[in-house]
Structure formats: structure tokens, C-alpha cells
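Let's take a friendly walk through one protein model.

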Amino acid sequence: MFKRQLGKKILKVTIFFAMLTTFSGACKATGKDDTRTNETGKVKNIIFLIGDGMGVSYSTGFRYFKDNPKTREMDATLFDQYLVGQQSTYPNDSRYNVTDSAASATAMATGVKTYNAAIAVGNDQKELKTVLEAAKEVGKATGLVVTAPIPHATPAAFGAHDPNRNNMKGIADDYFDEKINGKHKIDVLLGGGSELLIRKDRNLVEEFKRDGYSYVTTVEEMKKDTSRQVVGLFAKAGMPKMLDRPDSVPSLADMTVSAIERLNKQKDGFFLMVEGSQIDKAGHDNDIVAAMSEMEDFERAFKVALDFAKRDGETLVIATADHSTGGFTIGSNGQYNWFSSVVKEIKRTPDFMAEQIAKGADVRATLAKYINLPLTEQEIQTVQAAARTGKQKNIDNSIEQIINTRSLTGWTTRGHTGEDVNVYAYGPESQRLAGKIDNTDQAKIIFELFKR
Ligand SMILES: [Zn+2]
């Protein structure tokens, strides 16, 4: 790397000296954080961030997306500065060798590879201990922060046990019923999915409240409340995506701040899992607009975790993905370009626009309102034709088609793909995660750090 970048770096340094501006800018541009310290030492807290579906092409695409187009050189993202390696993600499943979120989250939470759909159980369906449970056992506070329904696969694999991820009511019950040393094992639960906790057969929110938890449903309520234990549910199912989010709904970063403030009151430290849940959803939908904005939401949460860790000095921050989704490629159709500038001009997700149109909004007016690009008559007509089918999905796909074609965004599937994913880490013991690891190594390392 040094050889390759030497020429570039000399040029860069020369320019920077010539301009008599800060030298640190040159370090930053190489994508390395030279202020990184404390690579070994005591780990009191762990913040484990998972970008669901955040494959390598997403991280690279996000660099294009965030780059200042006025300079030829590509700026580093916040992630770039903390890259330590990659992990493999394959499951242990007789039917599949590409993972789903449940098997990968189980691997990262328990250190055991299992079958797709398994929630912290092995192939024998026996319950496996999770790193969140291990944290609770040694007296740490624990939290789950997501934008999906809170009993969704990724958080479930840390805080519940079930043979099947689809049993989300049973998973929600586990969050309340499964105790460690007679106490609830999850102190902070923030995300979507109120319909899965507040049900006819059981109202888990009332049960949590009876046991002393606060309950919040808006960003304002969340910020006002200072309880150590909280359930925050901000949507019936999944939370709205960043671009479509009303002011009352917290961002992933807002929820991460709130979780850390509460968990940090525990003198023995904490374990917090934060999921950028809907990067994956965008990938399944082949929606590059939502993919990039959900990456941004996730990056802001990562920054919250890093800022805390830098002040704290005893916090290990890990960010990674469970798998990639959609086969997103940067540059399609034999063209040697990918135009993130197109993506930046879309102000709401295609899902949002499609919903408006399906409810009767005018196609031309809706597209003009949320897409800051002069669309061709032909493009508008494809959406009008989709609107005539009356199906929101068709309208959504037709808008995505325009954006994918214009931006030269490629997709190969509506499912997951099996390539390795990036691992980012900062703080004490962060170098343990370096190099090529497996998703099971995450849990193995965390268990070890909690034992010390
Ligand atoms: Zn996933």
C-alpha cells in the first residue's frame, strides 16, 4: 500500500505544505486514523454495530456517494479509517451455503454456525449462550437498538432463542421471560414492532412497565426519560427509513445516544448491539436510494459510538455486516461509471413515492416533487403505466428502474450474496479482530474479553 500510495502522498503532502494548511488533513485523506491509540487494554464496554446487508460494495458505494465531486481524489468515509479486516459469513446448513440474517447473527452472538432461520440455537435446536447473556452474567447493562421490529432476526439472536426467526411473538416473549440471575437480561430495547409486543394475548409493554421499565414512543419522550431500563417502540412494524422519517421518530444515532447514556450508568460496563436494519431491506428491494441513505443513518450511529469510545477509553467498538444483499454493483451495463450524483437528487425513497401514487397522488407531480432531475417523457410514462396496474410494488419497481438505469447501479438478485464483509474496530483489543476472521470469531473474542 505504501508503495502504491507513495507518489500520491508526496504530491498531497507537497500541496498541503505549499498551502500551509494542516498536515493532519493529509493523514485523514489516506484513510488511516493516526490518532488511534489504546489498541490493547481493559475492555469495559462493547458497542457492536451490524449493518444488515452492508456488503463491501455498499461500503465502497457509500464512499462514492459521500465524496466531494469537485476533487478527483476520493475522500475516505468514517468507516474507512477503522477497517481492520474481513469476515466470512457462510452458515452451517444442509440446504444453503449463503447465510440469512438469523444464522449470521447467531454466529456473531454465540460463536456457533447454524442453519438459516435459527435464532441462537444450533442445528440440534438447543439454546446457545449469547454474548449479551454473558455480559449480563458478569453484571453489565445490556441493550438492543434497531430500526427493524425489535424481535427481528438480528437483535433476536442476541436476546432470545427460537428454532425459527418468524416466530417473532415468541421472540418478543423471550425478551421479557428469559432472565439471568432472576433479572431481565435486556435493559434497553429501542426500535420498531409495537404490534409484536402489544397484543391481544399478551401486552409485554405493560409487563415491562410493571417491572420498572419506562416506555417511550417518540424522540421527545425518549430524550426526556432518563430511566436505566426502557422499552422504546417507534413504529408498529419496521421504523420509517431515514429519508421518509417524520420528526417524531428518532434516528439510529438518536437511539444510540439514548442507549449509551442509560447503559453507561452501570459501573461494571455494558454491551450494546446497534443494527442498521434496513440497509438490507433496501438491498432486497434493489433500491439504491434507500441503501445509501440507510448507510448514512448507520454511519451516524457509528460516529456516536466512536465519540463515546474516544472519551471513555475502555470501550471497544466493532462495526460489521452479516452478509451482503442484492448483489449491488458499482457500475453496470458495460459502462465504466457509477453516478452517485443521481442518487443524491432523490429526496424520498421510491417506496414512499409509490405509496403516495398508489393512494391516488398524481404520478408526474409526485416524481417532480421528490426527484430533482428532469425526467424524460418516456420515464414518466413507465411509472404511469405501472400506476395503472394499481399495484404499489409495480410503481416502486418502475421508479427504481429509472434510478438504477440512470446511476448505472447493478443488481443480481433480490436475495443475499455470500462474499466476505468488512470488519471495522476501534478501541482496546480492536486488533484482535484484524485480518481475515469468521463471523463466529466475533462472539469468541467477546466472550473472552468478558471473562477477563
Ligand atoms: Zn441480514
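This is a predicted model: local features need pLDDT of at least 70, side-chain atom pairs count only at pLDDT 80 or more; totals for chains, interfaces and linings use all residues.

Residues are numbered from 1 along each chain as its sequence is written, and side-chain values use heavy atoms, with hydrogens and water left out.

**Two domains.** The protein chain is assigned domain 1 (45-328 + 414-450) and domain 2 (330-410); such bounds come from an automatic or database domain assignment. Taken over C-alpha atoms, the domain centres lie 30 Å apart. Where the domains meet, 19 residues of domain 1 are in contact with 21 residues of domain 2 (contact means heavy atoms within 4.5 Å).

**A serine to find.** S57 sits in helix α3 (residues 56-66). Helices (H or I, at least four residues) and strands (E, at least two) are DSSP runs, numbered from the N terminus. Is S57 buried or exposed? With a relative accessible area of 14%, S57 is buried, because buried means under 20%, exposed over 50% and partly exposed in between (1.4 Å probe, protein chains only). Leaving aside neighbours within four places in sequence, S57 is in contact with F328 and I330. S57 and V421 are 364 residues apart in sequence, yet 9.3 Å apart in space, C-alpha to C-alpha.

In strand β3 (residues 141-149), 9 of the 9 residues are buried. Two strands pair if DSSP finds at least two bridges between them, and the table gives two partners of β3.

| Partner of β3 | Bridges and sense |
|---|---|
| β9 (residues 270-276) | 5 bridges, parallel |
| β6 (residues 188-192) | 4 bridges, parallel |

To place these pairings in the view, look for G143 opposite L272 in β9, and for P149 with its bridge partner G192 in β6.

**A cavity.** A cavity is a set of points, on a 1 Å grid over the protein atoms alone, where a 1.4 Å probe fits but cannot get out; lining residues have an atom within 4 Å of a point. Among the lining residues are T147, L252 and F298. Helix α13 (288-312) and helix α12 (278-284) each supply at least two lining residues, with the largest share, 3 residues, coming from α13.

Key: On a 1 Å grid over the protein atoms alone, a cavity is a set of points where a 1.4 Å probe fits but cannot get out, and a pocket is an open set with protein on both sides within 12 Å along at least five of seven lines; lining residues have an atom within 4 Å of a point.
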